[in-house]
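The following exercises are to be worked with the sequence and the structure in view. Each task is followed by a solution in steps.

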Amino acid sequence: MILLPIFLPVAVGVLLLLPVGQEVLGDAGKAALRALHAVVGVVLLITAVAALTVAWTGPDSLTWFELMRGIPVYFHIDDVSRLFVTVISLIWVLVGVYSFVYMEHEGKERRFFGFYLIVYGVLVALSFSGNLITLYLFYELMTLTSMPLVLHNGSHEAIMAALKYLFYSMCGAYLGLFGIFFLYRCCDTLTFIPGGVLNEAMAAENQTILMIAVFGMLIGFGAKAGMFPLHAWLPTAHPVAPSPASAVMSGIIAKAGVLALIRVVYYIAGPAFIRGTWIQTAWMTLALLTVFMGSMLAFREPVFKKRLAYSTVSQVSYVLFGLSVLSETAMEGALLHVVFHAIIKSALFLTAGVFIFQTDRTRVEELRGIGKKMPCTLWCYTFASLALIGIPPASGFISKWYLAQGAMEGGVGVFGWAGPAVLLLSALLTAGYLLPVVTDGFFPKDTAVVTALPDRGDPPLMMLIPLAILAALTLLLGIFANPLIRFVSGIASSVL
């Protein structure tokens, strides 16, 4: 049962990529596309149901095989796994449905959906990973299988962006591998246990090199999350990738780095090993620097998708700052922001995809008057933008409140006030780079720009409905946040 939601999408994705996929489904024509969409839709639905069933009611552990003596490929489902696999499944299904229509704009649908399914299975495996070796194995597979989503259109720009994504991800992963070598020597086990598994005697004996190794892992796994200094792949990769790929890379794949950091800090090294050390100080500094820098770059960026990519750099570091404070309230805020940001940013990138699909406009100034042509789409964008800024009662306000409270209560010295100050400044910058699209879209100063826009209206329902669901969730999860707050509180209290 644990292996089913991992291998079903991978197997079907591989079949779609092989020549047999072309023989069975064809490779052109509306009938072939309908067959492809039917297969992908059924697999997405079965995988999502299987993953959620296993996560919430099924068996909680499985040793698949031993990679080498004493190092098993091991799956174990805990509350962190449940949280991440639920978010992944929700986003993957909604974006997949949206992609059925959008990918007609990009072409090469069979290849796109083949890798889309493979990455889904790998992400489920990553969420279910029960030890550090298993997590690292699927973390690397996630990079390799998601890279084709970036280079999908085959242009020189897309190929260079994919290579940059691969280079940054591999550099980060190798820093993670460097840390694993030392943790293997200094830990009683590499299985994830709340609070950490360091052997106190070995840790004391090798403290200096172990701290360097753990900090290297923070930088390495932080690359996928877009933390400075390994953040530059995001604004390069997102503008050239298809919008559905940008949505899942920003909303979900960037969170794979967050998941890896949670496991390393809270389940292997342990927060007690890091608290009060130079590691914590450096981590908080880098996170806040990334929050401010990403917001400033987004504010200055005229290309819409690139602006959203810089926004991801900033917003995911909200999560990293919450994790670095090492307090329960801050961690609750970080986990809430994982969920909320995944939904919000997926909605924003899908909106960008609608604008490209309907008008071929890619720059912010070209979207003036867009609300007159596509009011439903721009209203969805408006709700998502308000949530990302943190306007109550939208969901982003809840997570940012907990992050600020956690920083002030966390006993982290100057960061107790510097953290909330940077978060507030970033929220103002977020309003500055998101809301002009709304105001100029609904109330253009020059009516001539409205006439110049293609008169195609809102997109087909198969694109609009997933976008509307995500936009509604950005508001509903803020109004009815208590069940999710209680759930993440249980996770935070178990590790702290």
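Helices (H or I, at least four residues) and strands (E, at least two) are DSSP runs, numbered from the N terminus. The expected span of a helix is 1.5 Å times one less than its number of residues. The model is a predicted one, in which local features need pLDDT of at least 70 and side-chain atom pairs count only at pLDDT 80 or more, while totals for chains, interfaces and linings use all residues. Residues are numbered from 1 along each chain as its sequence is written, and side-chain values use heavy atoms, with hydrogens and water left out.

**Exercise 1. Describe helix α15, its surroundings and the residue that follows it.**

Step 1. Helix α15 covers residues 328-359, which is 32 residues. From first C-alpha to last it reaches 46 Å, close to the 46 Å expected at 1.5 Å a residue.

Step 2. Buried means under 20% relative accessible area, exposed over 50%, and partly exposed in between (1.4 Å probe, protein chains only). Because 31 of its 32 residues are buried, α15 is largely enclosed by the rest of the structure.

Step 3. After α15 comes Asp 360, with a positive phi near 60 degrees.

**Exercise 2. Determine which elements line the largest pocket.**

Step 1. On a 1 Å grid over the protein atoms alone, a pocket is an open set of points with protein on both sides within 12 Å along at least five of seven lines; a cavity is a set where a 1.4 Å probe fits but cannot get out; lining residues have an atom within 4 Å of a point. Grid points are joined across faces, edges and corners, and a volume is the space filled by probe spheres set on the points.

Step 2. The largest pocket holds about 320 Å³ of space. Its lining has 18 residues, and Pro 239, Val 240, Lys 305, Ile 356 and Thr 362 lie nearest the centre.

Step 3. Two or more lining residues come from each of α4 (79-106), α10 (233-240), α14 (304-325) and α15. The largest share, three residues, belongs to α4.

Step 4. Ala, Val, Leu, Ile, Met, Phe, Trp, Tyr, Cys and Pro count as nonpolar, Asp, Glu, Lys and Arg as charged, and the others, Gly among them, as polar.

**Exercise 3. Characterise the largest cavity and its lining.**

Step 1. By the rule applied, there is one cavity of 30 Å³ or more. The largest cavity has a volume of about 80 Å³.

Step 2. Its lining consists of 13 residues, with Phe 84, Ile 88, Ile 252, Lys 255 and Ala 256 nearest the centre.

Step 3. The elements giving two or more residues are α4, α5 (109-128), α11 (243-269) and α15. Of these, α11 gives the most, with five residues.

Step 4. By class, this lining has ten nonpolar, two polar and one charged residues.

**Exercise 4. Is Gly 478 buried or exposed, and which residues does it contact?**

Step 1. Gly 478 lies in helix α21, residues 461-479.

Step 2. Gly 478 counts as buried because its relative accessibility is 10%.

Step 3. Contact means heavy atoms within 4.5 Å. Leaving aside neighbours within four places in sequence, Gly 478 contacts Pro 393, Ala 394, Ser 395 and Ile 398.
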